[in-house]
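Hi,

Here is the structure I promised to pass on.

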Amino acid sequence: MAGERMRRVNEAVREVVSAHLAEDVADPRIGFVTVTGVETSADLRSARVFVSVLGGDQEREAALDGLSSARGAADEADADARLRARRLDPRGHADHGAPVPRGTEAVARMTTATEQEQVLEELRAAPKLFLTTHENPDGDALGSLRAMQLVLEALGKDTVMYMGAAEFPLPHEYRHMRFDDVLREPPDDLEERLVVFLDCGNMDRMPVEFLKADGVRIVNIDHHHDNTRFGDVNLVVPEAACTAQIVYELGRELGVELSRPLAEALYIGLVTDTGKFMFENTTPAAHQMAADLIAAGVHPAEIHQRLYEGLPFSRIQLLARALASVQRFDGGALTLTHLTRDDFAHSDADESDSEGIVDHMRQVEGTLVACLIRDLVADESRRKVSLRATDGRVDVSRIARGFGGGGHRQAAGFTTDMQLPDLIERLRSEVGSQL
Ligand SMILES: [Mn+2]
């Protein structure tokens with residue numbers, strides 16, 4: 001990570017440039033742009049300004065056009081920033097420079113880059129990488145992890161994948177993905193590796209204390225809108241249907257051929273995070289990506305079978321128990337079920353067998369929020385709560401965050417030690433407060 005002084009210089013430049021863009025630049029296209037980071041050179045003579053552009057390719061093009069036509073104004077902002085930066089000179093000198101005349105050679109250069117370009121640069125430059133994702137990995141976590149590994153391997157990089165030992169065995173539906181090559185302990189040469197997080201909204205979603213050490217450089221690639229931007233470089237695209245979609249675009253930019261194994265890994269991320277192309281995040285771009293993957297050799301029926309069929313009998317027994325204890329509150333606005341440790345024992349099921357049960361709760365008329373509460377097999381005093389919203393009226397990630405969890409507007413979760421009756425009351429009032 002950059003030194004503390006340099007970080008303050010970068011932050012000062014970022015503030016000035018953002019304020020300038022917001023106040024003085026009348027170009028409506030600039031509205032799509034957020035200044036996400038600044039890297040100032042050690043001599044303070046140049047700064048790269050990283051921006052995030054909302055919207056599709058068209059908006060991105062328009063915004064970058066707008067930015068470059070505003071370059072004159074930006075240069076002024078930059079001169080201003082440079083003056084401020086001098087006061088925070090990382091070399092520890094006091095304000096030693098003469099005032100910088102505007103519009104002369106003395107004005108520092110400013111270049112802009114999108115978050116995507118910044119991440120591409122990091123990936124191209126790193127010879128050795130370390131990839132990881134979130135705990136209790138789902139199809140997108142595993143699909144984007146495998147896909148990124150294949151992309152980097154195609155570029156000849158030395159890449160390792162990591163997940164905590166507690167994540168194994170993987171849920172039944174993902175075992176065919178063959179993750180035998182994933183490390184369960186940090187590698188000895190960790191400090192030589194660029195760390196890449198995939199599909200992970202905050203760093204505490206994987207037990208990786210060893211990554212919080214100094215000198216670890218982190219790239220954070222994700223689509224959760226509540227991502228805490230914990231990386232040194234962040235590519236957070238909430239409009240992406242899945243993290244696999246972001247990896248797909250990075251792979252294309254890096255010129256990596258869409259091999260069948262790569263296409264399959266990407267498809268698994270896409271099909272699972274869109275709920276088989278049924279959730280609100282199923283955009284034209286998601287379907288275009290699917291078309292491209294199918295053209296590259298993916299057989300949707302085969303993937304469907306591997307993911308959703310051939311499941312152990314314990315699954316349907318556990319589902320039967322969940323369906324038998326469905327409760328509806330407030331006219332069904334909150335529809336929930338609860339699985340106890342006994343339910344798991346009697347079904348001969350493990351925790352990963354509860355995957356997908358919450359989606360059955362969505363299907364009933366009047367349901368706004370579907371909820372599965374399951375007691376942890378290892379610790380009955382704690383329970384895991386999965387939430388799904390059926391439309392845009394309730395943002396379940398807000399509810400989950402209130403309990404220390406997180407997720408998407410339509411799919412989120414958390415763990416709590418609150419007792420069941422209190423938990424249900426609290427969930428009812430949280431749902432009610434958003435209506
Ligand atoms: Mn995801």
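A quick definition to start: a residue is buried if 20 or more other C-beta atoms lie within 10 Å of its own, exposed if 12 or fewer, and partly exposed in between, with C-beta atoms placed from the backbone. This is a predicted model, so local features need pLDDT of at least 70 and side-chain atom pairs count only at pLDDT 80 or more, while totals for chains, interfaces and linings use all residues. Residues are numbered from 1 along each chain as its sequence is written.

The mean pLDDT (the predictor's confidence in each residue, from 0 to 100) is 85 for the chain. Over residues 85-109, though, pLDDT stays under 50. Where pLDDT is low, the predicted coordinates should not be read in detail.

Of the 435 residues in the chain, 41% are buried. Arg401 counts as partly exposed because it has 16 C-beta neighbours inside 10 Å. Arg401 sits in helix α13 (residues 396-402); helices here are DSSP runs of H or I, at least four residues, numbered from the N terminus. Leaving aside residues up to four places away in sequence, Arg401 touches Asp226 and Gly406, where contact means C-beta atoms, placed from the backbone, within 7 Å.

Then there's helix α8. Its buried residues are Ala286, Met289, Ala290 and Leu293. Seen down the axis of α8, they fall within an arc of 105° (taken from the directions from the helix axis to the C-beta atoms), so they line one face of the helix. Those buried residues pack against α6 (243-253) and α7 (260-273). Turned away from that side are the exposed residues Pro284, Gln288, Ala291 and Ala295.

Cheers

Notes:
Two residues are in contact if their C-beta atoms, placed from the backbone, lie within 7 Å. Helices (H or I, at least four residues) and strands (E, at least two) are DSSP runs, numbered from the N terminus.
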